[in-house]
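Work through the exercises below with the sequence and the model side by side, trying each task before reading its solution.

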Amino acid sequence: LLWGRTLPFPELARSVLSPPAPHHSTAPRNWTPGAKDHSSSTPPRMRCQDPRQCGQKLIRRQPLEPREESEILLSRHLNILHLVVLGVGSTLGVGVYIVVGEVALFVAGPAIIISFLVAALSSVLSGLCYAEFGTRIKWTSSAYHYSYISVGELWAFIAGWNLILSYVFATASVSKAWSYTFDGLIGNHISQALQRGFSQYMPDYLARYPDFIALAVVLLLTGALTLGARESLLVTRVFTGINVLVLIFIILSGFFKGDLHNWKLTEQDYTSITPGSGGFVPFGLGGILRGAAICFYALVGFDAIVTKEQEALNPRRSIPWSILITIFICFLAYSGVSAALTLMVPYYLIHPESPLPQAFLYIGWDVARYVVAVTTLCALTSRLQSIFFPIPVVIRDMARDGLLFRKLASVFVHTGTPIMAIMSSGNIAGLLALLFKFSDLVDLMSIGNLLVYSLVSFSVLVLRYQPEQTLSKKEEIDISRHEASPSEPVPEARTSRILKTLWFPNSTIPTLISGQIVYGCTSLLVLLLTILSVILAQWSSQVFSGDPGLTTVAVLLLLLITGVTVIIWRQPKDPGPEYFKVPALPVLPLVSIFVNVYLMMLMTPRTWTQFGIWNAIGFLIYFGYGIRHSLAGNNHR
């Protein structure tokens with residue numbers, strides 16, 4: 001799109017979509033042993049000859065073995081405390097300083113505390129699934145690779161594409177929060193001037209004015225990363241310590257200066273334009289659940305712990321415990337700040353762009369207002385580095401695998417940084433920060449992460465029931481012969497044998513047949529859970545009030561879900577004890593998927609429209625380019 005201003009589009013399309021020259025091609029990364037090495041030539045374009053072949057391309061997978069560049073041994077020196085500090089520093093940020101005000105004012109009121117509790121429970125389920133992958137697949141910590149290894153290429157592309165969405169929109173939202181805080185610190189002069197000059201030219205679906213401060217923050221970060229800047233663990237630790245101390249001060253201040261009457265508002269306390277209906281839950285149960293879907297944004301970041309698996313002491317124990325402790329600490333911080341804020345200020349008077357500094361101004365503590373504002377800038381700066389630095393890595397990996405344009409994997413020789421990935425993601429994030437509303441950025445980041453975490457839970461469930469990927473061809477043939485009856489024709493024998501193994505599998509370890517059964521049943525369960533989530537999100541009152549049609553459909557769906565879950569439970573699981581395993585399989589990953597999908601269904605039609613546009617662009621790239629240039633296609637049997 002940037003080059004389109006100087007190049008005719010047909011020439012641009014040919015330059016981008018044509019295969020790269022041999023001396024510019026990227027070597028494939030440690031595919032199946034014995035596969036042909038295409039590092040010195042362009043991979044052939046894979047075209048569909050029939051629907052079956054096209055379907056096979058969508059589910060082709062990467063091997064479980066580590067890549068050669070990932071086999072570097074690191075010293076294990078990080079204990080649970082180190083990992084928790086890293087996780088808290090990567091999680092606490094814009095959610096506690098900005099999102100709290102937005103959700104309390106417009107969505108949940110003081111009941112935002114319950115919203116954070118629901119979001120935390122959902123994060124715990126997703127975190128345990130992340131922990132299993134992090135301790136089992138040690139050479140990567142990306143949901144993109146997890147999906148590629150376990151459920152196939154199409155799901156991997158969806159996971160990777162939405163990881164990019166989450167990181168890019170998170171970067172834009174944090175930079176916009178940085179701009180709000182800085183502007184409030186100097187008296188809102190910049191925003192007022194921009195609003196006077198540009199508001200009349202801005203359409204309703206965009207921000208009230210272009211945020212040039214947020215754009216400058218993103219461009220500065222992009223430039224620093226291009227020049228070879230690296231994320232600093234020391235800076236994260238220092239800012240995390242300051243952040244926690246200030247949050248404790250805010251919570252104590254709220255309890256000392258707060259007024260319980262703000263949780264018991266009546267009609268006499270309201271004006272005609274006040275949102276909600278008073279009390280602790282002014283927006284009802286729907287507001288609490290809708291708030292939980294948005295508050296999920298604030299609890300994203302614990303996956304940074306998984307990236308340190310190779311440096312963690314006893315990762316089988318330290319990784320899951322660190323994730324749980326991180327989520328618990330962040331929940332305490334978010335719920336404490338939410339309680340303090342709604343006790344200090346009636347929820348309908350909360351300032352949406354600078355809630356905490358304005359709350360201290362409301363109670364007459366003007367000096368504390370500046371202290372909190374400066375601390376907020378420090379916390380947001382630390383958060384920016386933790387969320388922007390992984391974006392180029394995801395883009396580079398997808399480009400190396402051939403799912404995105406190969407040029408995006410180009411590396412700047414002097415700094416060793418993926419410069420094209422950095423520049424493209426930085427430009428997109430800067431444009432979003434400049435023009436989009438803060439609430440839209442938060443909603444899109446939340447829905448993207450909910451989808452990615454659902455795919456991780458799906459991948460955990462599927463991979464646990466799959467046979468080892470290291471089987472030789474001879475062993476695969478022997479298993480296939482063992483699972484077919486010699487006394488019956490092969491098609492009939494195979495069908496009857498599969499039906500029988502639904503309830504009575506004939507092996508104590510995963511086989512090809514049992515793995516296919518679990519894959520199919522899990523896919524069916526995702527469909528059923530999605531339908532149930534739509535019904536409960538859109539017509540919950542009719543279902544629980546006894547509407548004959550909707551209640552019958554919901555009950556039938558629950559029965560089907562239970563039956564298919566039992567079929568999965570009957571299949572043999574991977575017996576390997578060397579990594580952390582999610583407990584209560586298959587129930588816990590399925591509950592995680594259901595909660596995440598249900599929260600997604602609570603998003604507004606506006607968010608779903610924007611989310612659909614983003615994924616439509618992704619599918620155009622994948623089916624127009626990625627499916628034909630995927631390196632996995634060169635080694636797919």
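**Exercise 1.** In which helix is the place of Ser115?

Solution. Ser115 belongs to helix H5, which spans residues 112–136, where helices are DSSP runs of H or I with at least four residues, numbered from the N terminus. The model is a predicted one, in which local features need pLDDT of at least 70 and side-chain atom pairs count only at pLDDT 80 or more, while totals for chains, interfaces and linings use all residues. Residues are numbered from 1 along each chain as its sequence is written, and side-chain values use heavy atoms, with hydrogens and water left out.

**Exercise 2.** Decide whether Ser115 is buried or exposed, and find what its side chain reaches.

Solution. Ser115 has a relative accessible area of 0% and is therefore buried, a word that means under 20%, with exposed over 50% and partly exposed in between (1.4 Å probe, protein chains only). The side chain of Ser115 reaches the backbone oxygen of Ile288 at 2.8 Å. Beyond four places in sequence, Ser115 touches residues including Gly287, Ile288 and Cys295, contact meaning heavy atoms within 4.5 Å.

**Exercise 3.** Locate Val244 and state its accessibility.

Solution. Val244 lies in helix H10, residues 233–257, and counts as partly exposed because its relative accessibility is 31%.

**Exercise 4.** Where does pLDDT stay under 50?

Solution. pLDDT, the predictor's confidence in each residue from 0 to 100, stays under 50 over residues 1–46 and over residues 470–489. Where pLDDT is low, the predicted coordinates should not be read in detail.

Key. Helices (H or I, at least four residues) and strands (E, at least two) are DSSP runs, numbered from the N terminus. A polar contact is a pair of N or O atoms within 3.5 Å; within protein, one must be able to donate a hydrogen and the other to accept it, and residues adjacent in sequence count only if both atoms are side-chain atoms.
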